[in-house]
Amino acid sequence: MRRKSPKNKPALTHIGSRGEARMVDVSAKPATERTAVAEGRVVMSKATLELIVSSDAKKGDVLGTARVAGIMAAKRTPDLIPLCHPLALSKVTLDITPDKKLPGCIVRATVKITGPTGVEMEALTAVSIACLVIYDMVKAVERGVRIEGIHLVEKKGGKSGHYRA
């Protein structure tokens, strides 16, 4: 399935032989259980974190809203990321942990499917949107909030096997 570039180097799978963007054909791949975990951080002042933890944010329940938005985003990934396959996700969890040492929030998404392609993009999208929602809900009190370190933590299943950062 992976096209080789000159000199036997791996090629980008979403680029056709003439350099055109394309959706990868996964029709011949077996449906296997696949899981992806992604994580990111929202860094802020201790005072802003205290507003979130005490549920005193002007716009309401920051963590609950971000959690729902992240889950919704995972389900809408093919609408947001060109060339992603529409997938029937079997599980999406989004955990947001306030961290006083950061200070800020650790956002972690786990996405699961039994299908012919992985769910890394869905996990990364869930984390990205949840982080953006946290920013949106607290920006009135702190404009300097930073979103950092969004990355794939772990991937299981499929031909390429197990990956852990």
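Buried means under 20% relative accessible area, exposed means over 50%, and partly exposed lies in between, with a 1.4 Å probe and protein chains only. At 24% relative accessibility, Glu 148 counts as partly exposed.

## The model

This is a predicted model: local features need pLDDT of at least 70, side-chain atom pairs count only at pLDDT 80 or more, and totals for chains, interfaces and linings use all residues. Residues are numbered from 1 along each chain as its sequence is written, and side-chain values use heavy atoms, with hydrogens and water left out.

## Overall layout

The chain has four helices and seven strands. Both kinds of element are DSSP runs, numbered from the N terminus: helices are H or I with at least four residues, strands are E with at least two. From the N terminus on, the order is β-β-β-α-α-α-β-β-α-β-β.

The C-alpha atoms fill a box of roughly 55 × 30 × 25 Å, taken along the principal axes. Of the 165 residues in the chain, 39% are buried. A contact means heavy atoms within 4.5 Å. Among contacts with a separation of 6 or more, 68% are between residues 24 or more positions apart.

Five strands form an open sheet in the order 4-5-3-6-7, with antiparallel pairing. Strand 4 and strand 7 are the edge strands, and each pairs on one side only. Two strands pair if DSSP finds at least two bridges between them.

Strand 3 and strand 5 pair over twelve bridges, in the antiparallel sense. Here Glu 33 has Thr 114 in strand 5 as its bridge partner. Strand 3 also pairs with strand 6, again antiparallel, over eight bridges. Glu 39 has His 151 of strand 6 as its bridge partner.

Strand 6 and strand 7 (residues 163-164) run antiparallel and are joined by two bridges. Glu 154 stands opposite Arg 164 in strand 7. These two strands form a hairpin with six residues between them. Gly 157, in the turn, has a positive phi of about 95°.

## The nonpolar core

A nonpolar core is a set of buried Ala, Val, Leu, Ile, Met, Phe, Trp, Tyr and Cys residues joined through side-chain atoms within 4.5 Å. The largest one has 33 residues. Those with the most contacts inside it are Met 44, Ile 52, Ile 96, Cys 105, Val 107 and Ile 134. Strand 3 (32-43), helix 1 (46-53), helix 2 (62-75), strand 4, strand 5 and helix 4 (120-138) each supply at least two core residues. Helix 4 gives the most, with ten residues.

What does Ile 96 touch, not counting residues up to four places away in sequence? Its partners are Leu 63, Ala 66, Arg 67, Cys 105, Ile 106, Val 107 and Ile 134.

## Salt bridges

Side chains of opposite charge can pair when their charged atoms come close. A salt bridge is a side-chain nitrogen of Lys or Arg within 4 Å of a carboxyl oxygen of Asp or Glu. The whole structure holds seven salt bridges.

One of them joins the side chains of Lys 112 and Glu 33 (3.9 Å, N to O). Lys 112 lies in strand 5 and Glu 33 in strand 3, so this pair ties together parts that are 79 residues apart in sequence. Lys 112 is partly exposed, with a relative accessible area of 28%.

Arg 41 and Glu 148 also meet through their side chains (3.6 Å, N to O). Arg 41 is in strand 3 and Glu 148 in strand 6, so the pair ties together parts that are 107 residues apart in sequence. Arg 146 forms a salt bridge with Glu 148 too, the closest N and O atoms being 2.7 Å apart. Arg 146 is partly exposed, at 43% relative accessibility. Salt bridges with shared partners join Arg 41, Arg 146 and Glu 148 into one network.

## Backbone details

A cis peptide bond joins Leu 102 and Pro 103, with omega about -25°. Pro 103 lies in the loop between strand 4 (91-99) and strand 5 (104-115).

Leu 83 has a positive phi of about 75°, although it is not a glycine. Leu 83 lies in the loop between helix 3 (77-80) and strand 4. Leu 83 is partly exposed, with a relative accessible area of 29%.
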